[in-house]
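Here's a quick tour of one protein model, with a stop at its aromatic rings and another at the space inside it. Keep the 3D view open and click along as you read.

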Amino acid sequence: MQFVKFSLVGVLNTLISEGVYVIIVFLGGHYLVASIIGFSLSVVNAYYWNSRYVFKEDKEESHRVWWKAFLKTYVAYSGGQLLNMGLLILWVDIVKISRWLGWLADWFIMLGIQQLDAETIGEIVAAGINLVVTVPINYLLNKYWAFGKRKEN
């Protein structure tokens with residue numbers, strides 16, 4: 001059940017990070033800058049909902065220090081973000097995923113959306129592919145490290 005809750009929060013995080021990413025890329029911003037800005041905003045959201053909804057404390061437990069959990073959340077998600085950025089570079093600059101998406105760009109052009117060229121679509125698709133890898137890693141890091149139960153000394 002906890003993974004389901006984490007996934008629901010993850011959907012909201014994804015909407016935030018990918019929404020910001022798509023808007024910045026659509027406006028002509030660099031895909032890595034867009035990724036960092038979207039990431040930063042989504043982690044604040046992730047911390048809020050994970051601490052109150054997904055990994056909330058039991059009443060019998062000693063209370064966690066909020067800023068330590070917040071910092072750990074950023075560190076945990078940063079590992080996923082570094083992996084995400086590495087994979088973005090792989091898909092966009094090395095594999096050049098956009099060369100297979102020209103047909104999709106043509107379709108958007110027929111609809112009158114000139115800004116969605118193959119390169120932009122490739123950057124957006126690459127970010128979507130990366131979610132399959134980064135979401136499970138972020139869950140495990142948050143569950144066992146950022147919001148893991150503290151050991152009593």
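Let's start with the rings: the structure holds eleven aromatic pairs. Keep in mind that this is a predicted model, not an experimental one. A pair of aromatic rings is described by the distance of the centres and the angle of the planes, and you'll meet both numbers below.

**Phe6 and Tyr139**

- These two rings form an edge-to-face pair, with 5.0 Å from centre to centre and 65 degrees between the planes.
- Phe6 belongs to helix α1 and Tyr139 to helix α5, so their pairing ties together parts of the chain that are 133 residues apart in sequence.
- Buried or exposed, what are Phe6 and Tyr139? Phe6 is buried, and Tyr139 is buried too.

**Tyr47 and Phe70**

- Here the ring centres are 5.1 Å apart and the planes of Tyr47 and Phe70 meet at 85 degrees, so this pair is edge-to-face.
- Tyr47 sits in helix α2 and Phe70 in helix α3, and the pair links these distant parts of the chain, 23 residues apart.
- Tyr47 has a relative accessibility of 12%, so it counts as buried; the cut-off for that is under 20%.
- Phe70 comes in at 26% relative accessibility, so it counts as partly exposed.

**Charges over rings**

- Take a look at Lys5, which lies over the face of Tyr53 at 5.2 Å from the ring centre.
- Arg99 has its charged end over the ring of Trp100, 4.6 Å from the centre of that ring.

**The space inside**

- How many cavities of 30 Å³ or more does the structure hold? There is one.
- The largest cavity has a volume of about 360 Å³.
- It is lined by 22 residues, and the closest to its centre are Ser17, Ser42, Leu131, Thr134 and Asn138.
- The elements giving two or more residues to this lining are α1 (2-26), α2 (31-54), α3 (66-94) and α5 (118-146).
- Which element gives the most to the lining of the largest cavity? That's α1, with eight residues.
- By type, the lining of the largest cavity divides into eight nonpolar residues, 13 polar ones and one charged.

Note on methods:
Residues numbered from 1 in each chain as written. Predicted model: local features only at pLDDT ≥ 70, side-chain atom pairs only at ≥ 80, totals over all residues. Heavy atoms only, no water. 1 Å grid on protein atoms, 1.4 Å probe; cavity = no way out; pocket = protein on both sides within 12 Å on 5 of 7 lines; lining within 4 Å. Points joined across faces, edges and corners; volume = space filled by probe spheres on them. Helix = DSSP H or I, 4+ residues; strand = E, 2+ residues; numbered from the N terminus. Nonpolar A, V, L, I, M, F, W, Y, C, P; charged D, E, K, R; others polar. Phe/Tyr/Trp six-rings, centres within 6.5 Å; stacked < 30°, edge-to-face > 60°. Buried < 20%, exposed > 50% of the residue type's maximum accessible area, 1.4 Å probe, protein only. Lys NZ or Arg CZ within 6 Å of the ring centre and 35° of its normal.
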